[in-house]
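Colleague: I'm new to this one and would like to go through it with you. Could you bring it up on the screen?

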Amino acid sequence: MTKNILLGFIIICSIWACQEVPSEPLPILGRQEINGQDTIFHHIPDFSFTNQDGQTVVNEDLDNYLYLSDFFFTNCPSICPIVKKQMLRIYDKYENEPLIKLVSHTIDPKRDTVEKLKKYAEGLSVNTDKWMFLTGDKEELLDIAEDYFVAAYEDADAPGGFDHSGKIILVDKKRHIRAFAEGTDPEDVTQLLKDIDLLLLEYGVKK
Amino acid sequence: MKILQLLALLFLFISCGPAHNDEEVKLLYDEVIRIHDEVMPKISDINKLKKRVRKLEKNDETSIALIKQLQDADDAMMDWMADFQKYKTLADSSKTVKMDYLNVEKQKIQSVSDQMLLSIDTAKKYLND
């Protein structure tokens with residue numbers, strides 16, 4: 001009996017020792033509400049948009065994925081082309097990682113029609129199963145942008161005067177925001193790549 | 001020796017010339033983009049204000065006009081950006097053409113900026129912010 005306990009102890013110890021020192025898991029960002037005993041974390045609300053192929057995309061379509069979200073429009077003169085390069089960087093790194101998706105929302109649905117988004121995706125030569133481009137009702141798009149950027153607001157030093165238009169947001173399977181980066185800052189995106197790896201590890205994928 | 005120095009000087013002038021032209025165009029282009037970048041994030045403020053005015057459900061003339069004013073300001077910015085794509089087609093044009101175009105665009109984006117800020121200001125006053 002004592003032998004068995006000892007053996008069990010040794011086995012547990014060796015499993016323990018074999019594991020790498022785990023990094024701190026990524027925090028859940030955004031406002032938190034306390035509801036009785038439960039803490040309700042900020043999460044991305046229900047949405048329904050249309051992708052570059054004219055198909056409807058809802059939250060459930062992304063439930064089994066970790067995804068990077070950003071906002072853009074094809075006529076954007078300054079920030080978007082820089083952010084696009086960084087999104088491509090993320091795309092290239094995780095092209096063969098099935099758990100990762102990229103989701104770009106237009107904020108100019110009047111001009112960025114399904115056809116326009118399709119052409120835009122073709123111009124980038126990306127697989128749209130992996131990186132989708134969404135359009136929809138302008139107000140709904142701007143509203144959901146607020147939900148994605150809420151984490152960034154809290155990070156802002158200057159309240160109200162914060163330019164959040166170039167942010168890339170990392171969302172987990174539970175619709176929680178886990179990290180974000182300034183899409184115009186390559187170094188910030190390098191950190192985001194590490195954060196993505198960390199989140200993948202949480203879901204059992206080692207990079 | 002003197003001729004060589006003169007030649008070198010001349011060469012320097014020639015090689016610096018076009019770069020200087022482009023520099024002036026670039027400065028003006030950057031100025032146009034700066035005006036745009038400064039006010040662009042306020043598109044989300046306009047959206048928020050529009051929703052707040054709508055939520056009051058007053059449906060009177062003032063609030064209807066205010067919502068339209070906010071919407072028009074938003075449209076003006078989106079229209080300007082779509083229009084400004086034309087600049088890309090001027091890549092091979094002369095400096096004069098580019099400068100003329102950018103000078104007009106600078107005025108246009110300044111007026112879009114004014115329009116957006118005014119609509120935000122008007123809405124905030126209406127909502128007693």
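Colleague: Among contacts in chain B between residues at least 6 apart in sequence, what percentage join residues at least 24 apart?
Modeller: Keep in mind that this is a predicted model; in chain B, 81% of the contacts between residues at least 6 apart in sequence join residues at least 24 apart.

Colleague: And how many helices and strands does chain B have?
Modeller: Chain B has four helices and zero strands, and along the sequence that reads as α-α-α-α. Of the 129 residues in chain B, 34% are buried.

Colleague: Take B:Ala76 then, is that buried or exposed?
Modeller: B:Ala76, which lies in helix α3 of chain B, counts as buried because its relative accessible area is 16%, and buried means under 20%.

Colleague: Which residues is B:Ala76 in contact with, leaving aside neighbours within four places in sequence?
Modeller: Those are B:Val112 and B:Gln115.

Colleague: What about the largest nonpolar core, which residues have the most contacts inside it?
Modeller: That core has 88 residues, and A:Ile90, A:Ile196 and B:Met77 are the ones with the most contacts inside it. Helix α3 of chain B, residues 61-84, gives the most to this core, with ten residues.

Colleague: What does A:Ile196 touch, not counting residues up to four places away?
Modeller: A:Ile196 touches A:Leu68, A:Ile90, A:Tyr94, A:Ile100 and A:Leu170.

Colleague: Switching to strands, which way do the residues of β6(A) point?
Modeller: A:Ile100, A:Leu102, A:Ser104 and A:Thr106 point one way, whereas A:Lys101, A:Val103 and A:His105 point the other way, and all of them are buried. In general, side chains in a regular strand alternate between the two faces of the sheet.

Colleague: How does β6(A) pair with β5, parallel or antiparallel?
Modeller: Strand β5 of chain A, residues 66-72, runs parallel to β6(A) and is joined to it by seven bridges, with A:Leu66 having A:Ile100 as its bridge partner. The chain goes from β5(A) through helix α2, residues 79-94, to β6(A), in a right-handed β-α-β crossover.

Colleague: And β6(A) with β7, how many bridges there?
Modeller: Four bridges pair β6(A) with β7 of chain A, residues 131-135, in the parallel sense, and A:Leu102 stands opposite A:Trp131.

Colleague: Which aromatic residues form a cluster with A:Trp131?
Modeller: Ring pairs link A:Trp131 with A:Phe72, A:Tyr91, A:Tyr120 and A:Phe133 into a cluster, while a search of the whole structure finds 15 aromatic pairs over all chains.

Colleague: Going back to A:Lys101, what ring does its charged end sit over?
Modeller: The charged end of A:Lys101 sits over the ring of A:Tyr65, at 4.5 Å from the ring's centre.

Colleague: Last topic, how do β8 and β9 of chain A run, parallel or antiparallel?
Modeller: β8(A), residues 167-171, and β9(A) run antiparallel and are joined by five bridges, with A:Lys167 opposite A:Glu182. Five residues lie between the strands of this hairpin, where A:Arg175 takes a positive phi near 70 degrees. As for β9(A), residues 177-182, five of its six residues are buried.

Methods
Residues are numbered from 1 along each chain as its sequence is written. Chains are lettered from A and ligands numbered from 1 in the order in which they are written. This is a predicted model: local features need pLDDT of at least 70, side-chain atom pairs count only at pLDDT 80 or more; totals for chains, interfaces and linings use all residues. Side-chain values use heavy atoms; hydrogens and water are left out. Buried means under 20% relative accessible area, exposed over 50%, partly exposed in between (1.4 Å probe, protein chains only). Helices (H or I, at least four residues) and strands (E, at least two) are DSSP runs, numbered from the N terminus. Two strands pair if DSSP finds at least two bridges between them. Rings of Phe, Tyr and Trp (its six-membered ring) pair if their centres lie within 6.5 Å; planes under 30 degrees apart count as stacked, over 60 as edge-to-face and the rest as tilted. A charge sits over a ring if NZ of Lys or CZ of Arg is within 6 Å of the ring centre and within 35 degrees of the ring normal. A crossover is right-handed if, with the strands pointing away from the viewer, the path from the first strand over the helix to the second runs clockwise. A nonpolar core is a set of buried Ala, Val, Leu, Ile, Met, Phe, Trp, Tyr and Cys residues joined through side-chain atoms within 4.5 Å. Contact means heavy atoms within 4.5 Å.
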